[in-house]
Amino acid sequence: PVSTGGDSLRSTMKLMFSQAGNVVFPGESSLDFEIAECSNRALGDYQCNSAMKIFAELKDRGDTRFKNPRSLAEAIIQAIPAENSFFEKLAVAGPGFINITFSREFLAQEALRVFHCSADGTFETTRKFRKLTAKRAVVDYSSPNIAKEMQEMHVGHLRSTIIGETICRALEFVGVEVIRLNHVGDWGTQFGMLLAHLEDISESSDFEVKNLQELYKQSKIRFDSDEDFKKRARAAVVHLQAGDKHLKEKWTDICEVSRQDFEEIYRLLDVHILERGESYYNYLIPDVLSELIEKEIAVQSDGALCIFADGSDSPLICRKSNGSFNYASTDLAALWQRISDLCADWIIYVTDVGQKKHFDAIFDAASRAGWLKRENGNVSLDHVGFGLVMGVDGKRFRTRSGDTVPLKSLLREAQSRCLDSLRGRESTLSDDELEDASRIMGVAAVKYADLHNNRLTNYTFSYERMLDLKGNTAVYLLYTHARISSLLERAHTQDLEPLSINDLVLKDEFERVLALTIMKFPDVVESVVQDLLPSRLCDYTYSLCVTFNEFYGSCKVLGGEQERSRTFLCQATAISLRQCFHILGIEPLYRL
Ligand code: ARG
């Protein structure tokens, strides 16, 4: 290769080292070269530490061509064509580490790539993500429950919505077609209670379902204290699932009330997701269970239909002893449908870590049933788990009265705090513009606070922390972007396009590091997609801003000697930042 062609730096280096490996060891196809960022910036940009491992492997096989890993590393370097312009330096250190320092020409040339965006503003080039074989993914996320205690959709569902949406965007970014599915809980026991309760209190036929939360509470009290009512509630679920017309109508009303609440949240978050709730799969369940019985994967046990996974003694119950279907029955049918009808080759579920066992069991059943086998590559299944949302008091995030916090008020609170803080600062924005900026900033702050933690850990919800101007927050990122934008506005370079590597000089070390950071973007997206960890992109976005601010602090841009080149570098930074924002679901601000 003579350039990355838009591929990640890591893949490009890997390929180059493999080719050199083929020269040194002809016919040896199994050599694997791992490339990583250099831990010590003074030694190089990237590094390859594989010489030691390869040496050991060869030695095991009695191959004694090299006397130590160091000489093997030297030979690899020698085999990399000298005429390529990638490197300023390739050096062996210690027992056989290869440190890679990119040339300034290469950095400039690659930084120019950022200017060649497609019409929608995304880099065309990263789309040919090498290792990815999946073409169509289903992402099952958000998925709140209708008519439950937390009918308002609680913070756990907010996490799922935010993390899931970023995963969808990252996948789309690398060229995967994504089907977003909202697997809402619209079919469980809670409906039996509600329907039975409604029957008693709504004599007139034009009774309107309004305050679902209140109705849920009332019916729950009756359910827990009145045996007769309990029986009626259970019977109502069975009738509903069997298609009773009157119950179905009431059920539709209930769902509609919830749906409107949910829609408002999705609008605020700018999330567009297809609702396909549990009820959708009802018609498929009997056939899917029959198949599993036939294949001897599901078996009768104590009257219930169960699936026993290898080595696990608690079974997955997929039909209750009274014959009714449950959460697992639905998930089995849904998985079958997504593979067979939607032809997805990657299915991703985003829920709290507590559901890991459930999904492991479902995945195990699917695998044993042979659903995952395809002629060209298998279907991949992933459970993307996340931890709890905690309050600053170290307990589960709740309101003072112990209720779950309604999401609408949570987002509004973040926005109103942003407005206060914006008003407190000097700004040229009009009142309307301030309102608008705080709307964007508040939502961004909530999303970013969630995404920037490793999702598997619990995270503490704190307005102070997420709105900290100097911290690793969306507010800091948005301010940095606005700063660059106002600089570019003063430079009047909107219509200018850099044409050649001579337009980017990269003389100063700060310029060089900024260009290198910009180039790491495809590596980062690659690793986000590989491990489904949005926090990696947050770390990167933050480091891009920090690197930019360091550069800006020490390199004069406007009116300086390198004005033209440095303006292009600023522009490349702004474009890269917006790419990150797009995947994180953050709307950019241009003035603050
Ligand atoms: N409604 C479920 C809950 O709130 C999440 C559903 C996740 N998706 C799935 N296919 N099971 O816990």
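How many bridges join strand E11 to strand E12, and do the two run parallel or antiparallel? Seven bridges join strand E11 (residues 346–352) to strand E12 (residues 380–386), and the two strands run parallel. Helices (H or I, at least four residues) and strands (E, at least two) are DSSP runs, numbered from the N terminus, and two strands pair if DSSP finds at least two bridges between them. The model is a predicted one, in which local features need pLDDT of at least 70, side-chain atom pairs count only at pLDDT 80 or more, and totals for chains, interfaces and linings use all residues. Residues are numbered from 1 along each chain as its sequence is written.

The protein chain holds 20 helices and 14 strands, and its C-alpha atoms fill a box of roughly 85 × 70 × 40 Å along the principal axes. Of its 592 residues, 42% count as buried. Here a residue is buried if 20 or more other C-beta atoms lie within 10 Å of its own, exposed if 12 or fewer, and partly exposed in between, with C-beta atoms placed from the backbone. Two residues are in contact if their C-beta atoms, placed from the backbone, lie within 7 Å. Among contacts between residues at least 6 apart in sequence, 72% join residues at least 24 apart. The domain assignment gives domain 1 (9–102), domain 2 (189–269) and domain 3 (453–584); such bounds come from an automatic or database domain assignment. The centres of domain 2 and domain 3, taken over C-alpha atoms, are separated by 50 Å.

The opening pair of strands belongs to an open sheet of five strands in the order E7-E6-E5-E11-E12, with parallel pairing. Its edge strands are strand E7 (274–275) and E12, each of which pairs on one side only. Within the sheet, four bridges join E5 to E11, and these strands run parallel. Ile348 of E11 is the bridge partner of Val139, and in E12 the bridge partner of Ile348 is Asp382. Further along, Asp352 stands opposite Phe386 in E12. E11 is mostly covered, with six of its seven residues buried. In a regular strand the side chains alternate between the two faces of the sheet.

Helices accompany these strands. E11, helix H12 (residues 356–368) and E12 make a right-handed β-α-β unit; a crossover is right-handed if, with the strands pointing away from the viewer, the path from the first strand over the helix to the second runs clockwise. Helix H5 lies across strand E5 (136–140), strand E6 (177–182), E11 and E12, and runs at about 155° to E11. Axes are lines fitted to C-alpha atoms, for helices over the stretch in contact, and angles run from 0 to 180 degrees between N-to-C directions.

Another open sheet is built from four strands in the order E1-E2-E4-E3, with antiparallel pairing. Strand E1 (35–37) and strand E3 (87–93) are the edge strands, each pairing on one side only. The twist averages 25° from one strand to the next. Six bridges join E3 to strand E4 (residues 97–102), which run antiparallel, and Phe97 in E4 is the bridge partner of Ala93.

Turning to helix H9 (residues 245–269), its 25 residues should span 36 Å at 1.5 Å a residue, and its end C-alpha atoms are 35 Å apart, which agrees. The expected span of a helix is 1.5 Å times one less than its number of residues. Buried residues of H9 include Leu247, Trp251, Ile254, Phe262 and Leu269. Ser258, which lies in helix H9, is buried because 22 other C-beta atoms lie within 10 Å. The buried residues of H9 pack against several helices, among them H5 (155–173), H7 (212–225) and H13 (407–423). H9 is followed by Asp270, whose phi is positive, near 60°.

Helix H16 (residues 474–491) can be described in the same way. Its 18 residues should span 26 Å at 1.5 Å a residue, and its end C-alpha atoms are 26 Å apart, which agrees. Among the buried residues of H16 are Ala474, Tyr476, Leu477, His481 and Ile484. The buried residues of H16 pack against helix H14 (431–451), helix H19 (535–554) and helix H20 (563–584). After H16 comes His492, whose phi is positive, near 50°.
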